[in-house]
Amino acid sequence: MISKKKELNSPIIKKEKSERVIKKKRIKSYSIYIYKVLKQVHNPIGISSKAMNIMNSFVSDLFERIVEEASKLSQYNNNKTLTAREIQTAVKLLIPGELAKHSISEGTKAVTKYRNSV
């Protein structure tokens, strides 16, 4: 019985005739991070799976838009590297008003914390 449990939890799906191992494809999701932020802001409140899927789609869409805009800015300046400056400008262009200011300040704080730890 224990061996079956281990097989169910392992990422190996099945073996083909040539004995090649096929691994399960990982799905990108922000649900863990959305849940952590929710607990920081409103601890007693939970979130349904449908709402989590909507939030996950929202975050993925916003991330793609920011990266797309930042890559365009990088190309306009003939740079091949995305820096924090391009990301910051893309956020200013995509996110309206006061929300952009808060986003930029939180992003700057995160980058500073990362640079100090490395």
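Where pLDDT is low, the predicted coordinates should not be read in detail. Confidence is lowest in helix 1 (residues 2–9), with a mean of 48, and highest in helix 3 (residues 49–76), with a mean of 96, while the chain has a mean of 87.

The chain holds five helices and two strands, which run α-β-β-α-α-α-α from the N terminus on; helices (H or I, at least four residues) and strands (E, at least two) are DSSP runs, numbered from the N terminus.

The largest pocket is lined by 28 residues, of which Val59, Leu62, Ser103, Glu106 and Gly107 lie nearest its centre. Here a pocket is an open set of points on a 1 Å grid over the protein atoms alone, where a 1.4 Å probe fits, with protein on both sides within 12 Å along at least five of seven lines, and lining residues have an atom within 4 Å of a point. Two or more lining residues come from each of helix 2 (31–41), helix 3, helix 4 (84–94) and helix 5 (97–117), and helix 5 gives the most, with nine residues.

Residues are numbered from 1 along each chain as its sequence is written. In this predicted model, local features need pLDDT of at least 70 and side-chain atom pairs count only at pLDDT 80 or more, whereas totals for chains, interfaces and linings use all residues, and side-chain values use heavy atoms, with hydrogens and water left out.

Notes: pLDDT = per-residue confidence, 0-100.
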